[in-house]
Amino acid sequence: MGQRVLVTGGCGFIGSNFVRLVLAERPGWEVANLDKLTYAGRLENLQDVAGDPRYRFVKGDICDPEAVREAMAGCTMAVNFAAETHVDRSLLGATHFLDTDIKGVLVLLEEARRIGLGRFVQISTDEVYGSIADGSFTEESLLNPRNPYAASKAGGDRLAYAYWATYEVPVIITRASNNYGPFQYPEKLVPLFVTNALRDLPLPLYGDGRNVRDWLHVHDHCRAVLFALENGQAGEVYNIAGGNERENIEITRTILRELGKPETLIRPVADRVGHDRRYSLDASKLRALGWQPRVAFPGGLIETVQWYAEHEWWWQPVKDHDGEFRKYYEQQYGARLA
Ligand code: NAD
Ligand code: DAU
């Protein structure tokens, strides 16, 4: 059946990959993309589909009820990717995180309730569970967010659930592990380290480099979100994980090896404060419904490294000409790398 889906944050990393997936794999669907175009949102991420008659871009803030009303009008479903997403930035100041990741979710849920939207997917994160030394979190595990970004996301996650429990807005919540792949803003570990290595700049590895993340290819994440949108049950939470737990030092070495660069580029620097040691999810609930990741590891990481090497036009303007990025980089790494 044809659907009209509102995607928020569609100009960011995961949102843009999701918009492209939906347009390619659901020919009868239309997509409206509501994005504020913050530092992380780039029209370039969707320039290949911008002319598709099934695609509509609306520039606006999910905290603005008027913009949300306009973008959601006529839609049958919504997927909320819009968020402030970088943990390090939330440690420099959390106000925007509370605004977008909690209040913005409230505005979207209110409009979904008002128009009787058919389905609402809230994109949450594994960070809401906090760190785990052994074993893996299930959807029943207690939430224990440990940084301002994670706490904001936990607020949005539970608010979405509350709109199901209270008003029966048909909400589904997904909690994914660390994504990697094309179009990721070069502040996050993988694109930052690849683009620095390509220029023989130091790779600032926090602490002892042994924190563990579970790497999920963005295409697998997007397929999981589409799967949950179509097959998930309202009121349910679904973990989404790649099943590729690796220490940061291993990811770093793979990147350097692939680019033929020396390990002397690795620069151990002062740790992230409150740095979660390990994230680990049990994703058997969504797998039991029929989703499973398709991208092999480290093959997917190697392809991603190649993608950044071949798409300098995409990241070079950010790293060289975006004053906001340069200011952030200096604030975050200046003293660490001095
Ligand atoms: P991103 O930072 O690349 O993109 C975020 C997008 O949201 C940008 O296009 C930005 O312009 C837009 N945006 C921000 N504030 C907005 C607002 N107030 N109104 C409208 N648009 C706004 O983020 P990402 O990495 O693609 O993450 C997308 C979602 O997935 C987020 O909700 C994030 O918490 C979640 N998530 C990310 C990961 C990951 O590894 N990247 C893992 C799990 C969950
Ligand atoms: O787990 C899901 C989360 O993954 C998402 O909810 C977040 O939006 C996303 O940003 C990501 O958070 P992380 O903090 O795990 O990702 P990041 O790429 O910032 O860092 C990954 C690991 O690498 C983490 O242990 C910190 C470390 N790191 C990161 C940077 C940027 C470094 O050692 N040096 C760095 O310069």
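Start by selecting Leu-37: one of its backbone N or O atoms lies 3.5 Å from an oxygen atom of ligand 1.

Before going on, some ground rules. This is a predicted model, where local features need pLDDT of at least 70 and side-chain atom pairs count only at pLDDT 80 or more, while totals for chains, interfaces and linings use all residues. Residues are numbered from 1 along each chain as its sequence is written, chains are lettered from A and ligands numbered from 1 in the order in which they are written, and side-chain values use heavy atoms, with hydrogens and water left out.

**Stop 1: still on Leu-37**

Leu-37 sits in the loop between β2 (30–35) and β3 (55–59). Helices here are DSSP runs of H or I with at least four residues, strands are runs of E with at least two, and both are numbered from the N terminus. Check the backbone of Leu-37: phi is positive, about 55°, although the residue is not a glycine. Most residues other than glycine have a negative phi.

**Stop 2: around ligand 1**

Now select ligand 1 and show what surrounds it. There are 28 residues in that shell, and the closest are Ile-14, Asp-35, Thr-85, Tyr-149 and Lys-153. To be counted, a residue needs a heavy atom within 4 Å of the molecule.

Zoom in on Asp-35, where a side-chain N or O atom is 2.6 Å from an oxygen atom of ligand 1. Then pick Thr-85, which has a polar side-chain atom 2.7 Å from an oxygen atom of ligand 1. How much of ligand 1 does the protein cover? On its own the ligand has 840 Å² of accessible area, and the protein covers 96% of that. These areas come from the Shrake-Rupley method with a 1.4 Å probe; for residues, only the protein chains shown count as cover.

Next, color α1 (13–25), β5 (119–125) and α5 (148–167), each of which supplies at least two residues of the shell. β5 gives the most, with 3 residues. By class, the shell around ligand 1 splits into 12 nonpolar, 12 polar and 4 charged residues. In this scheme Ala, Val, Leu, Ile, Met, Phe, Trp, Tyr, Cys and Pro are nonpolar, Asp, Glu, Lys and Arg are charged, and the others, Gly among them, are polar.

**Stop 3: over to ligand 2**

Select ligand 2. Its surroundings hold 24 residues, with Asp-126, Tyr-149, Asn-178, Arg-272 and Tyr-333 the closest.

Leu-189 uses its backbone instead, with a polar atom 2.8 Å from an oxygen atom of the ligand. Taken alone, ligand 2 exposes 680 Å², and the protein buries 94% of that. Color α3, α6 (189–198) and β8 (203–206) to see the elements that give two or more residues to this shell. The shell around ligand 2 has 10 nonpolar, 7 polar and 7 charged residues.

**Stop 4: the largest pocket**

For the largest pocket, select Glu-84, Arg-89, Gly-93, His-96 and Glu-324, the closest to its centre among 18 lining residues. The pocket holds about 340 Å³ of space. On a 1 Å grid over the protein atoms alone, a pocket is an open set of points with protein on both sides within 12 Å along at least five of seven lines, and lining residues have an atom within 4 Å of a point. Grid points are joined across faces, edges and corners, and a volume is the space filled by probe spheres set on the points. The largest share of the lining, 5 residues, comes from α4.

**Stop 5: a cis bond**

Finish at Phe-297 and Pro-298, which are joined by a cis peptide bond with omega about 10°. Pro-298 is found in the loop between α9 (284–289) and α10 (299–310).

**Zoom out**

Show the whole chain: 12 helices and 13 strands. Its C-alpha atoms fill a box of roughly 55 × 45 × 35 Å along the principal axes.

How values were computed:
A polar contact is a pair of N or O atoms within 3.5 Å; within protein, one must be able to donate a hydrogen and the other to accept it, and residues adjacent in sequence count only if both atoms are side-chain atoms. On a 1 Å grid over the protein atoms alone, a cavity is a set of points where a 1.4 Å probe fits but cannot get out, and a pocket is an open set with protein on both sides within 12 Å along at least five of seven lines; lining residues have an atom within 4 Å of a point.
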